[in-house]
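Please keep the sequence and the 3D view at hand while reading.

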Amino acid sequence: MERSAQRLGRALIVIVDDKVAHGEHEDATGPLVTELLEETGFIVDGTVVVAGETVDIRNALNTAVIGGVDLVVTVGGTGVSPRDVTPDATQGVLDRPIPGIAEAIRSSGLAAGAVDAGVSRGLVGVSGSTLVVNLAGSRGAVRDGMATLSALVPYVIDELSGLEGN
């Protein structure tokens with residue numbers, strides 16, 4: 001498959017992390033997601049860091065969708081603690097969920113030993129013509145999630161852009 005040689009579209013990364021948003025820690029996952037998206041064939045518009053607040057997450061997602069990116073990947077805030085509200089914020093932005101991709105990401109992450117991927121409540125779906133993906137926050141979960149996505153995203157992007165997939 002020669003999809004990696006062509007550009008799949010534009011992507012934006014949203015890091016959901018209170019400590020990074022408040023300048024207490026450096027972002028350790030944004031550069032990794034950028035690298036993996038670029039290897040897959042995306043042009044990465046940038047990384048936005050937000051605190052784990054529903055309004056902040058929803059605003060970042062809506063801005064990305066309005067800005068016309070093809071893919072938004074959120075990292076963090078998908079677990080079961082009271083501060084983990086990324087899926088809740090995402091649900092309010094999605095037009096159509098794609099539960100099969102979310103389940104594939106959880107399964108592959110858990111199989112690889114990324115416990116946070118296995119307990120992730122992360123969602124995947126479409127908002128307008130933008131694919132929105134929630135990934136758990138660990139580097140392992142990001143690597144496994146992106147490996148799963150790299151096989152599925154080209155098909156979804158083709159479908160959303162009205163191109164024939166074969």
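Predicted model: local features only at pLDDT ≥ 70, side-chain atom pairs only at ≥ 80, totals over all residues.

Strand 1 runs parallel to strand 2, and the two are paired over eight bridges. One of the residues involved is R10, whose bridge partner in strand 2 is I43. Strand 1 also pairs with strand 3 in the parallel sense, over five bridges. Here I15 has V75 of strand 3 as its bridge partner. Seven of the eight residues of strand 1 are buried, so this strand is largely enclosed by the rest of the structure.

## The annotated domain

The UniProt record, an unreviewed entry, places the feature "domain: MoaB/Mog" at residues 12–156. Over residues 12–156 the chain is 48% helix and 21% strand.

In soluble globular proteins, nonpolar side chains tend to be buried together. The largest nonpolar core in this model has 26 residues, and those with the most contacts inside it are L37, F42, L71, V133 and L149. Two or more residues each are given to this core by strand 1 (9–16), helix 2 (30–40), strand 2 (42–50), strand 3 (71–75), helix 5 (99–111), strand 6 (130–135) and helix 7. Helix 7 supplies the largest share, six residues. Another core lies apart from this one; it has 15 residues, among them V50, L61, V85 and L94.

Which residues does V133 contact, leaving aside its neighbours within four places in sequence? They are L71, V72, V73, T74, I105, L123, V124 and L149.

## Helix 2

Helix 2 has the buried residues G30, L32, V33, T34, L36, L37 and T40. What do these buried residues pack against? Their packing partners are strand 1, strand 2, strand 3 and helix 7. After helix 2 comes G41, which has a positive phi, near 120°.

D144 sits in helix 7 (residues 139–160). D144 is buried yet has no salt bridge. The nearest side chain of opposite charge is that of R143, 7.5 Å away, whereas a salt bridge requires the nitrogen and oxygen atoms to be within 4 Å. When neighbours within four places in sequence are left aside, D144 is in contact with S108, G109, A112 and A114.

V93 is found in the loop between helix 4 (86–91) and strand 4 (96–97). Its relative accessibility is 6%, so V93 counts as buried. Not counting residues up to four places away in sequence, V93 touches R58, L61, N62 and S127.

## Salt bridges

The structure holds five salt bridges. In one of them, the side chains of R10 and D45 meet at 2.7 Å, N to O. R10 lies in strand 1 and D45 in strand 2, so this pair ties together parts that are 35 residues apart in sequence. Both residues are partly exposed: D45 has a relative accessibility of 39%, and R10 has a relative accessible area of 31%.

Another salt bridge joins the side chains of D18 and R83, at 2.8 Å, N to O. This pair links distant parts of the chain, with D18 in helix 1 (residues 18–21) and R83 in the loop between strand 3 and helix 4, 65 residues apart. D18 is partly exposed at 26% relative accessibility, and R83 is partly exposed at 39%. D88 forms a salt bridge with R121, and their closest N and O atoms are 3.0 Å apart. D88 is in helix 4, and R121 is in the loop between helix 6 (115–118) and strand 5 (124–127), 33 residues apart. These two residues are also partly exposed, D88 at 36% relative accessibility and R121 with a relative accessible area of 31%. Through salt bridges that share partners, D18, E53 and R83 are joined into one network.

Terms used
Residues numbered from 1 in each chain as written. Heavy atoms only, no water. UniProt positions renumbered as here; feature names shortened; annotations may be inferred. Helix = DSSP H or I, 4+ residues; strand = E, 2+ residues; numbered from the N terminus. Buried < 20%, exposed > 50% of the residue type's maximum accessible area, 1.4 Å probe, protein only. Lys, Arg positive; Asp, Glu negative; His and termini not counted. Contact = heavy atoms within 4.5 Å. Core = buried A, V, L, I, M, F, W, Y, C linked by side-chain atoms within 4.5 Å. Pairing = 2+ DSSP bridges.
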